[in-house]
Amino acid sequence: MRLPRASLFLLLAAAGPLAPAHAADELTPLIDGVAPAVIADRRYLHQHPELSNREFATAKYLAGKLRALKLEVQTGVAHTGVVAVLRGGRPGPVIALRADMDALPVTEEVDVPFRSTVRGNYDGREVGVMHACGHDGHMAILLGVAAVLAAKREELPGTVKFIFQPAEESAPLGEEGGAQLMVKEGVLARDPKPEAIFGLHLFSQYEVGTVGYRAGGVMASADDLRIVVKGRQTHGAAPWQGIDPIVVASQIVLGLQTIPSRQMDVTRAPTIVTIGKIEGGVRDNIIPDQVQMKGTLRALDEDMRRQLHERVTRTAQDIAQASGASAEVHISERHAYPVTVNDAQLTQKMLPTLCRAFGERLFEARPMLGAEDFSFFAREIPGLFLFVGVRPKGADPDSVGANHSPRFSMDEAALQTGVEALTRLSWDYLHGR
Ligand SMILES: [Zn+2]
Ligand SMILES: [Zn+2]
């Protein structure tokens, strides 16, 4: 559900004046106090990145920090995940906070003293390894939140479960991992059982200090697509003697593009069909037997996601059939990430907290068609996932290194914004505000 403009303003009004942001309170000195440690943690983690499902040293580092805060720490969850529980001194609800742990097969080009020179193995190839998606920041933020809330343990009315999740960028081929495996292993079902979950992502496209929220579908579902078009081989000068799968594949590529524009309700939410790879044939004058195409499907609504799958399958098969060819359509062989949905009621409930904390720095974000496996948690219990800007003030959005780029970097002031967001959401939720 998208909050209508009017209700947003009512909520803002109820939350008090837009600016200045949160008046200093008992949490402020604690949030300020952890800032140097959060930056130090982020730099350490940045310099020691590990690929998905291989976050061994990362897990050890996190577990050590969490044990030092006297939290109950469990390691080896969903391979390398770390789950830590902070029980407050007063009774109250249980909530979960999540940070992801993995880095990417990217060779860092950012010139900082804590730059990564780590090499790793990805899909059988030697690669550079870099925290190019800001997960180093997510972990450092969550350690900071744990430190602040642990310092207020006696007064805390409830329990916080800190979930450090491996393999957000997807597990290596043939392995399980990520949020899906954590859910399967009972992270949300086991005591203490959280009733809501919060998370955030640092993003290069938003300016440092800003926080984006959105009710409803906030990040897309992602399903991989593989289509095998089978024709019949023939000489390039005698196409009528065979069935040309290259021409059929071309028709399918174009036919698929008419699904989002002509068949899906564009007033409801956008959908995307992308073909990113086409393979077929070996030489100019031989029409091959078959063509294989790979792509990705995105949607912001689970019902539209199902429709998209049906229509893609039907379109590919029927176009192939029209030429006497056939098309095998395989969807979600490797990735099937659900839509990340921010629970409408939870979003509405927590909006005053965000307004008080960030004032004019809070904005209603547009949805992103990237995917997030936070969706697996938010599908089990109400979730709220925020965007936190890392782009330096005044920097041109087109010139900064985007997430996943070898030039991705952050204005580290964003880390404190992240600590503030998750701390205040937790504090207010547990206090029933
Ligand atoms: Zn990423
Ligand atoms: Zn990410």
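In which loop is the place of Ala-78? In this predicted model, Ala-78 belongs to the loop between strand 1 (72-77) and strand 2 (81-87). Its phi is near 50°, a positive value in a residue other than glycine. Most residues other than glycine have a negative phi, and most peptide bonds are trans. Pro-192 is located in the loop between helix 5 (178-184) and strand 7.

**Domains and their interface**

The domain assignment divides the protein into domain 1 (5-220 + 339-430) and domain 2 (221-336). Taken over C-alpha atoms, the centres of domain 1 and domain 2 are separated by 37 Å. The contact between the domains involves 14 residues of domain 1 and 12 residues of domain 2. The size of an interface is often given as the accessible area lost when the parts come together. Here, domain 1 and domain 2 bury about 970 Å² between them, with 63% of that area on carbon and sulfur atoms. On the side of domain 1 that touches domain 2, strand 9 (216-230) and strand 17 (368-371) each supply at least two residues. The residues of that side comprise 11 nonpolar, three polar and no charged. Across the interface, the rule finds zero salt bridges, while two residue pairs are in polar contact, both at pLDDT 80 or more.

A search of the whole structure finds nine aromatic pairs. One of them joins Phe-203 and Phe-387 in an edge-to-face arrangement, with 5.2 Å centre to centre and 85° between the planes. Phe-203 lies in strand 7 (residues 196-207) and Phe-387 in strand 18 (residues 383-391), so this pair ties together parts that are 184 residues apart in sequence.

Asp-244 is found in the loop between strand 10 (234-235) and helix 6 (245-263).

| From | To | Distance |
|---|---|---|
| Asp-244 side chain | Ile-246 backbone nitrogen | 2.8 Å |
| Asp-244 side chain | Val-247 backbone nitrogen | 3.4 Å |
| Asp-244 C-alpha | Arg-232 C-alpha | 6.6 Å |

Along the chain, Asp-244 and Arg-232 are 12 residues apart.

Key:
Residues are numbered from 1 along each chain as its sequence is written. Chains are lettered from A and ligands numbered from 1 in the order in which they are written. This is a predicted model: local features need pLDDT of at least 70, side-chain atom pairs count only at pLDDT 80 or more; totals for chains, interfaces and linings use all residues. Side-chain values use heavy atoms; hydrogens and water are left out. Domain bounds come from an automatic or database domain assignment. Contact means heavy atoms within 4.5 Å. Buried area is the accessible area (1.4 Å probe) that two parts lose on being put together, summed over both. A salt bridge is a side-chain nitrogen of Lys or Arg within 4 Å of a carboxyl oxygen of Asp or Glu. A polar contact is a pair of N or O atoms within 3.5 Å; within protein, one must be able to donate a hydrogen and the other to accept it, and residues adjacent in sequence count only if both atoms are side-chain atoms. Helices (H or I, at least four residues) and strands (E, at least two) are DSSP runs, numbered from the N terminus. Ala, Val, Leu, Ile, Met, Phe, Trp, Tyr, Cys and Pro count as nonpolar, Asp, Glu, Lys and Arg as charged, and the others, Gly among them, as polar. Rings of Phe, Tyr and Trp (its six-membered ring) pair if their centres lie within 6.5 Å; planes under 30 degrees apart count as stacked, over 60 as edge-to-face and the rest as tilted.
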